[in-house]
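Here's a quick tour of one protein model, written for someone who likes cut-offs spelled out. Have a look at the structure first.

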Amino acid sequence: MNTGQHIDAIDYVPSRRAHADIDRADGTGLAATGLRHAYRELTVLDLDAFTIAPADRHAIIGPNGAGKSTLLNLLAGTIRPTTGRITYNGQVITRRRAGWRARAGISRTFQHPTVYPGLTVLDCVRMGGYHHRRNPEHTPQEWLDLVGLAGYAQQVAGELAHGHRRMLDLAVALAGQPRVLLLDEPAAGFTDTETTRLLDILGGLPGWMAMVLVEHDMAVVTALADWITVLHHGRRHTDGPADVVRADPTVRALYLGAPETAHAAHR
Ligand SMILES: Nc1ncnc2c1ncn2[C@@H]1O[C@H](COP(=O)(O)OP(=O)(O)OP(=O)(O)O)[C@@H](O)[C@H]1O
């Protein structure tokens, strides 16, 4: 066990979500065991287990630097764990790169969207769905319609405003026809109108699509998630059904601050 200074600050808490959840789903789903990530000697994430079964809507919350994006990056394959194992539908994918995982059904959006800035909006979505080009569920234009960018198809992606760029990032991820959608602060920097639109879009996605949501905005978490994991200094502070975690006095005191919103804790 690593003894990095970050991690020692909080007790180890086993997940309330058993690996039986994956078994219940006939072995399908995304599962990590003994997942640890360190930068040099500093461990920034240390989780015994983390599982996503089909149709799960799972939010990861916690203060800045808690390890939320690190966990998402490990699941997406953007970074590799220092130790631990990740499986997807029973297959070990720990060393698989992000592109391989996207083709296998694990797509993600970014905290800072990195859409192909020189391509048109439409071509970005074509790229996102490239591996399904012979048998797409929807055309690129239909994905743009869904996210409200129908009128921007021929615009250069790098010239989009922040909110539109985020929506494009989502369309690119969806064009990959994910079974697991990883969302890194999808509502960050959005106006209330854009957040409402985002919630409509995400709430309208097929029920079988699993979602892992890193988000500071508790209104978004409440609208989308049925399960919450609270990370603190890289460890699971607690997890459980969304309403139970939101009512937990320690979570409220440590993280939520003012009722109903986490924004205050992050500003
Ligand atoms: N490339 C890196 N090199 C060194 N330390 C890093 C690196 N990336 C992240 N960290 C550290 O890892 C810890 C976890 O970072 P991470 O981005 O996962 O936190 P987070 O919970 O997503 O935070 P936020 O809410 O601010 O996005 C932080 O202490 C951060 O400074």
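## Ground rules

This is a predicted model, where local features need pLDDT of at least 70, side-chain atom pairs count only at pLDDT 80 or more, and totals for chains, interfaces and linings use all residues. Residue numbers start from 1 along each chain as its sequence is written.

## Around the ligand

Tyr39, Val44, Gly62, Asn64, Gly65, Ala66, Gly67, Lys68, Ser69 and Thr70 surround the ligand (C-beta atom, placed from the backbone, within 6 Å of it). Helix H2 (residues 68-76) gives the largest share of that shell, three residues; helices here are DSSP runs of H or I with at least four residues, numbered from the N terminus.

Sorted by class, the shell has three nonpolar, six polar and one charged residues. Ala, Val, Leu, Ile, Met, Phe, Trp, Tyr, Cys and Pro count as nonpolar, Asp, Glu, Lys and Arg as charged, and the others, Gly among them, as polar.

## Two domains

An automatic or database assignment sets the domain bounds: domain 1 is 7-105 + 178-266, and domain 2 is 114-177. Their contact takes 11 residues from domain 1 and 11 residues from domain 2 (C-beta atoms, placed from the backbone, within 7 Å).

On the domain 1 side, helix H3 (98-104) and helix H7 (192-203) each supply at least two residues, and H7 has the largest share with three residues. That side has six nonpolar, two polar and three charged residues.

## H4 against H6

Helix H4 (residues 121-128) and helix H6 (residues 162-175) pack at about 35°, axes 7 Å apart. The axes are lines fitted to C-alpha atoms over the stretch in contact, with angles from 0 to 180 degrees between N-to-C directions.

Val121, Cys124, Val125 and Gly128 of H4 meet Leu168, Ala171, Val172, Ala173 and Ala175 of H6. Eight of these contact residues are nonpolar, one is polar and none is charged.

Terms used
Contact = placed C-beta atoms within 7 Å.
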